[in-house]
Amino acid sequence: MSFLQLLWFILIGVLFAGFFFLDGFDYGVGMATVTLSSDEAEREQMVQTIGPVWDGNEVWLITAGGAMFASFPYWYASLFSGYYIILMLVLVGLIIRGVSFEFRAKSPMPRKRIWDLALGIGSFMAPFFLGIMFISMIQGMPIDANGNFHATFFDYINWFSVVGGVALTLLTYLHGLNYIALKTAGDIRQRANNVAQFLYWVLYVGLVVFALMLIFMTDFMRVHPVATITMLVVMVVLTIIAQAAAIKGKELTAFIASGLTLVALVVLLFVGLFPRLLISSISSRYDLLIQNASSTQYTLTVMTIATCCLLPFILAYTIWAYWIFRKRIAMPVVTEAK
């Protein structure tokens with residue numbers, strides 16, 4: 001395995017971690033518009049917290065897919081063909097969520113509720129099916145020597161993958177609640193904080209179930225025991241920090257801790273996979289490895305140079321955008337559209 005192959009494996013992990021940290025709270029806010037708000041004014045207030053940033057946050061997922069295509073084309077081909085239906089459901093969720101922002105802004109009051117519901121459904125679908133994809137992937141899928149999937153319904157949908165989908169959805173929902181508490185003023189701010197404090201107790205149970213399934217239903221403990229235990233402990237510690245911060249009203253700390261919990265989950269999955277990209281349940285000989293699934297050294301070199309040139313501008317723009325829209329969102333005045 002070359003240095004550039006390892007570097008791009010890490011960079012793709014970083015892109016997915018950045019995606020879940022940033023777009024994760026968008027999903028949480030989207031779900032909260034259905035579950036937490038009491039009237040249209042509060043729903044509008046929550047939508048305004050993510051309005052300027054949600055589309056930029058989504059680019060991290062697109063970039064991760066593009067980087068995978070360019071640096072590990074065999075991984076991209078097997079993953080996107082094997083998870084075609086799952087990824088199509090993720091895409092449908094993203095489309096529903098994306099159009100809901102525009103349609104709700106232009107709809108009369110009775111129809112706004114339809115697009116608020118669409119926002120919530122789309123924001124649920126994306127993390128839930130991404131969770132199912134990642135967890136079924138680390139269990140191992142029936143992949144042959146050519147990288148083709150021969151999977152049945154229960155290879156994709158099983159107890160562990162569903163627990164993973166629910167856990168990722170709950171993590172993003174809590175991340176969104178912490179963001180609402182951080183970015184809003186008024187009653188919704190305290191309500192988001194109170195609900196988050198309660199849901200952390202549910203998350204502890206979910207983390208225990210997830211950890212036990214990870215230990216007994218994957219080979220992570222056999223391949224990387226120290227890293228696996230370490231990252232599970234880190235996730236629990238970050239959850240405790242987030243809950244304690246929510247109780248004390250330290251909203252920024254709670255938000256950062258919940259986001260880092262999602263980052264720790266991505267690190268856990270990528271470290272557990274290493275040096276594999278896909279695990280074959282047929283035979284370990286058919287595992288897709290970093291060293292034999294990557295592009296040529298020349299391609300990786302060109303990509304690395306381009307990334308070093310463009311990345312500072314992208315990061316600077318992202319930081320600037322969040323700085324410009326850093327203030328809390330007050331309760332808006334909602335009037336009937338004519």
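Author: One convention is needed at the outset: Ala, Val, Leu, Ile, Met, Phe, Trp, Tyr, Cys and Pro count as nonpolar, Asp, Glu, Lys and Arg as charged, and the others, Gly among them, as polar. The model is predicted.

Reader: How does the lining of the second largest cavity divide by class?

Author: The second largest cavity has a volume of about 50 Å³. Among the residues that line this cavity are Gly164, Gly206, Leu171, Phe210 and Met235, and Gly counts as polar. By class, the lining has eight nonpolar, two polar and no charged residues.

Reader: Which element gives the largest share of the lining of the largest cavity?

Author: The largest cavity has a volume of about 70 Å³. Its lining includes Leu130, Gly131, Phe134 and Ile135. Helix H6 (109-139), helix H8 (159-183) and helix H12 (251-273) each give two or more residues to this lining. The largest share, four residues, comes from H6.

Reader: Is threonine 49 buried or exposed?

Author: Threonine 49 is found in helix H2 (residues 40-50). Leaving aside neighbours within four places in sequence, threonine 49 is in contact with Val29, Tyr179, Lys183, Thr184 and Ile329. Its relative accessible area is 3%, and the cut-off for buried is under 20%; therefore threonine 49 is buried.

Methods. Residues numbered from 1 in each chain as written. Predicted model: local features only at pLDDT ≥ 70, side-chain atom pairs only at ≥ 80, totals over all residues. Heavy atoms only, no water. Buried < 20%, exposed > 50% of the residue type's maximum accessible area, 1.4 Å probe, protein only. Contact = heavy atoms within 4.5 Å. 1 Å grid on protein atoms, 1.4 Å probe; cavity = no way out; pocket = protein on both sides within 12 Å on 5 of 7 lines; lining within 4 Å. Points joined across faces, edges and corners; volume = space filled by probe spheres on them.
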